[in-house]
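Hi everyone, thanks for coming. I'd like to walk you through a structure that may be new to you. Let's bring it up on the screen.

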Amino acid sequence: MSIPIPRRQLFIDGEWREPVNRKRLSVTNPATEEIIGDIPAATSEDVNIAVEAARRALSRNGGKDWASATGAHRAKYLRAIAAKVTERKSELAKLESLDSGKPLDEAAWDIDDVAGCFEYYADIAEALDKKQKSPVALPMNTFKCHVIREPIGVVGLITPWNYPMLMATWKVAPALAAGCAAILKPSELASITCLELADVCREVGLPPGVLNVLTGLGPEAGAPLASHPHVDKIAFTGSTATGSKIMTAAAQLVKPVTLELGGKSPIVVFEDVDLDKAAEWTAFGCFWTNGQICSATSRLIVHESIAAAFLEKLVTWCENIKVSNPLEEGCRLGPVVSAGQYEKVLKCISIAKEEGATILYGGSRPQHLKKGYFVLPTIITDVKTSMHIWREEVFGPVLCVKTFATEEEAIELANDTQYGLGSAVLSKDLERCERLTKAIQSGIVWVNCSQPCFSQAPWGGRKRSGFGRELGEWGLDNYLNVKQVTQYISDEPWGWYKSPSKL
């Protein structure tokens, strides 16, 4: 079932281009620990070339080729990209699975979402035409006013490894819909499908320079992109620590940024739930994407009256999760992405034990898998709020548990974090769910579920989970400048100063 990894170069100005320094990075399959290919390693020299190409793309033919073309014109390309992604779905899903360790069924779902996101932003691009020259009501009838929505310019898009192609699409699709020219820098840990996205854009004839893809290391390619004086905006998804560095670099040029950062999201389970339904959503909320998701509801806050029965049920569900090579049929938990991530996850589990927590289930490598960066779904109890496992993001299949007695205590525990991306509330009492929806400090609240995501709905966080929103119409706004145009329409002189002709 394995397929060869295409050997690509950097994608700049509509062409494959060897990196200036001619270096490449090896690609390791996290399920087998074998090197399966390599990717080009961009540096600041390549960033400069890509930025120049992007700026040319914006100004070509006076902007008529892309930046100032109609949204309907750009929508044709977005739909063509969606169709080509769908056509190559089987191949792309396998590449994603090989590169990131994502279960194949999940990777296929992601590729469907990639196509759906491009389709959605094609619709949004067309709708943008109708919003141009939107009138603004003014209190003086001697003036009239309208607004124009213009592309912000050249944008740097820095994306993570947990949803390689999909997270890239969340940024690329709205940036192109808005009329920007983009430079995509995916994570070096999983870049293969982002290079294939470049190939799709080449196949559909996207104008040269509108999308450029630079693979490579963060300090060597991402940092020069973030600090480049001719990049007009940076959109970043990744760790809070890296987001802080990007924000600092952008601040030197007063460059706008959008940041979607880490999380330590709560899932609050009340005493009136159906135990099986709640257990499945709890497992899915934390172990989906091999636990490597910034919105993972990795802090289980369960009512004390059902805690024992619920955890027993949850362990049963975890025992039934198939942990295997992600290409195997029925796999629901694959390896974490790299040796470094594997060591980090096991270290977090070890610290929890040292601090006095109990490993109720998992906590180690599955016995039947001798190779690969596999970690069993892990449940940790006897957790105190001062513990590392409660406070810090693990980015692996690790769930920590605390109990509560009252609704007020549940809210306090839910908000006991520096992060604020996702949250979930499980209860049959919808009025209670509504109260918690308002009280929990997060950008997303799921009621009686965890982790559903749709292109139409805004995505983003608060506190140290970042700011700005992706997806929906909000995602397009990230890449637009709003220009006010006000016209004086009276035949009468303004009259503030005395006319010299009347003196």
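A disulfide here is a pair of cysteine sulfur atoms within 2.5 Å, and a search of the whole structure finds zero of them.

Before going on, a word on what you're seeing: this is a predicted model, where local features need pLDDT of at least 70, side-chain atom pairs count only at pLDDT 80 or more, and totals for chains, interfaces and linings use all residues. Residues are numbered from 1 along each chain as its sequence is written, and side-chain values use heavy atoms, leaving out hydrogens and water.

Cys-117 is buried, at 0% relative accessibility, while Cys-453 is partly exposed, at 29%. Buried means under 20% relative accessible area, exposed over 50%, and partly exposed in between, with a 1.4 Å probe and protein chains only.

Now please find helix H6, residues 192-203. Helices are DSSP runs of H or I with at least four residues, numbered from the N terminus. H6 reaches 17 Å from its first C-alpha to its last, close to the expected 16 Å; that expectation is 1.5 Å times one less than the number of residues. Of its 12 residues, 10 are buried, so H6 is largely enclosed by the rest of the structure. Among the buried ones are Cys-194, Glu-196, Asp-199 and Cys-201. After H6 comes Gly-205, with a positive phi near 80 degrees.

Methods. Helices (H or I, at least four residues) and strands (E, at least two) are DSSP runs, numbered from the N terminus.
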